[in-house]
Each structure stands twice: as C-alpha cells, then as structure tokens.
Amino acid sequence: MLSGGSDGVIVLYDLENFSRKPCYTCKAICSVGRSHPDVHRFSVETVQWYPHDTGMFTSSSFDKTLKIWDTNTLQPAEVFHFEGTVYSHHMSPVATKHCLIAVGTKSPKVQLCDLKSGSCSHILQGHRQEVLAVSWSPRHEYILATASADGRVKLWDVRRASGCLTTLDQHNGEKSKASSEAANTAHNGRVNGLCYTNDGLHLLTIGTDDRMRLWNSSTGENTLVNYGKVCNESRKGLKFAISCGCNPEFAFVPYGSTIAVYTIFSGELITMLRGHYNTVDCCVFQPNFQELYSGSKDCNILAWIPALREPIPDDISEKSLSQQHLNPAYEDAWSSSEDEG
C-alpha cells in the first residue's frame, strides 16, 4: 500500500498478515523520507499506483508538483511542475489508448499530463475556481469527471475539442427552483469529493453544503437519493471510497474523527466506524481483501474488516437471532475500563 503524509513523506507498506492474528501491525517496506533529495516539500495530497503494475507510482503535493516514481529505485522518473497547489490527480484504471494523468490544481484549468511524451500540453477549460477532485470513469477511458470550488461538477470527453460533455445540475433542469446564479451547480458550496461506482454507471459527489449526491453518469441526472446531512468541513479535497463486490454497495465517508458508512442507492446511514483520535482525511477500499483503509491526522492508518457472523444453526429460534454474536476474531478488542489500562 502507498501512503503520503502531511510531512511530504511517502511510505510503502506490506499488507500481508503473517501473524494470522485479528489485530496486527503492517510493516513499512520502504519510504521516501525527509532526507531523500526528491522528497515532497509540503503535504502529499494524492498517491496512486500505475494501474497496470506496481513498478511505478505517482504522487502530488501542495509543493505544486506531480512526481512519477520508479518503485524499485525510489527515484523520480518524471516531475511535472504547476503554478499552484495540486489538490488531486488520477490515472485511468482502464485506459489502453492513452497515458494521461488528470490533475486538479489551484487553477480553474484542468491539466492533462501525458506520461508518454512527458508534456503537460492538454488543458480543459470551463471551471471558474480551483479544481479540488478529478476522477476518470472506470467504464470509458476518455471520460473524466472534475469537481471544483465553483460548485460545479463537469464530465469531459478528452478527445473532443470543446471537451465538456455536461455540467451536472442538482435541480435536473428545473430552473424554477433555482436562481440563475445557482443553475447548473451540483452543490451549493465547494465540491471537494467525487467517486465513481465500480461499474462506472453512477457518480457520487460531496460538497461543503453538507450534502452528498448520486448522479447517473450517462444522463447526468441527479438521482435524488437523500443521505441526510453529510458533515464536510474539509478545505481541500475529501478522499472518500465506494465499496466493490458488496451487496448493497457502501460509501465510506470521513466524518470528523469517524467514518460514516452509507448504502449508496437507499441513502441509509448504516454505522459510524470509530477508532481514530483525530480528523479522518481519506478512505480507500481494497476489493481483493474486502478491507477499508483510513488515514487520519492522528498519524495512524487503520485497516477495517467486515464483521463476519457465525453460521446460524437450523434449530435456532427467531427470538435468539437478534442476539447472535460476532465471531470473536472480529470483536472490538478495545477496553473502556481504566483499570485494564
């Protein structure tokens, strides 16, 4: 696993649990530390593996750079420089015909960096303020979603000269409900998080209006799922995650020092994951292990696993079903008793 910190350091972890214990600590394999000549000077905002193998990874930072790293040597193979803070970057997980990295910065222009040529010549213009989140569609390799502080979410086809396919409208075109000022906005505030569902058919967005919205990614329609108040005080990009292979599918959203778990299509708040001691900044879902990883200002990264229940014998009565216990390996091991330390 790749992780980037507010101190500019990048650490690679081995996630394998060799101890076979329910609670364990992952070992750090190597890192780009403070003494490394090419370490980021400010907070690392986004890290991503090259989608096709782990021989390369990317990182972007508030130091206005995007760096392409050789994993084996931990040396940068390429460095892209920008005029402003870099909030987010993303490489397409499905692209076979291009090697473009989308980059959201303090500029309203979305930058596309080409790994093959090493140039940053392609620019998408349309936003009015800084671009806080970018994400390629996992379904169509040329479709890109971008979220901005101007309250807008735009979908682009990067092959087209004009670029912008659509601007998402929270009112679905019903102008009577919105003033001309608010027309074609996805949120009544900064939009600082977006994430596609695994099949690419829907897009989930989060704004500083404390709202989360689910969109049909092909029609651009607001599906009007009500998630209630989704508290969002982040001044930068909010990295949240969507599950893959679950039924129903879940959204894992940083919520203060906890993580809120919502069902995507019904909008139900299922539970709050508690374990961090400070603000949670990011969540990532690992579909192979069905695990969630969360990073926090408390300097910890926690791994969360589904609570598996013991099989229910056929002769158990309906009444006792509500009292079924968790498999002991997945019970919370924390003690609230001061006597137990």
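Biologist: Which order do the strands take in the open sheet of three strands, and is the pairing parallel or antiparallel?

Modeller: The order is E23-E24-E25, and the pairing is antiparallel, where strands are DSSP runs of at least two residues, numbered from the N terminus, and two of them pair if DSSP finds at least two bridges between them. This is a predicted model, in which local features need pLDDT of at least 70 and side-chain atom pairs count only at pLDDT 80 or more, while totals for chains, interfaces and linings use all residues. Residues are numbered from 1 along each chain as its sequence is written, and side-chain values use heavy atoms, with hydrogens and water left out.

Strand E23 (280-286) and strand E25 (301-304) stand at the edges with a single partner strand each, so one side of each has no neighbour in the sheet. From one strand to the next, the twist averages 20°, taken between lines fitted to C-alpha atoms, with angles running from 0 to 180 degrees between N-to-C directions. E23 and strand E24 (residues 291-296) are joined over six bridges in the antiparallel sense, and Phe 285 has Leu 292 in E24 as its bridge partner.

Over residues 273-304 the chain is 59% strand and 0% helix, and the C-alpha atoms at its ends are 9 Å apart.

Cys 299 also falls within this part of the numbering, and it is exposed, with a relative accessible area of 74%, whereas Cys 164 is partly exposed at 22% (buried is under 20%, exposed over 50% and partly exposed in between, with a 1.4 Å probe and protein chains only). Zero disulfides are found in a search of the whole structure, a disulfide being a pair of cysteine sulfur atoms within 2.5 Å.

For context, there is also an open sheet of four strands, E19-E20-E21-E22, with antiparallel pairing. Strand E19 (241-242) and strand E22 (269-274) are its edge strands, each pairing on one side only. Strand E21 (residues 258-263) meets E22 over five antiparallel bridges, and one of the residues with a bridge partner in E22 is Thr 258, whose partner is Arg 274.
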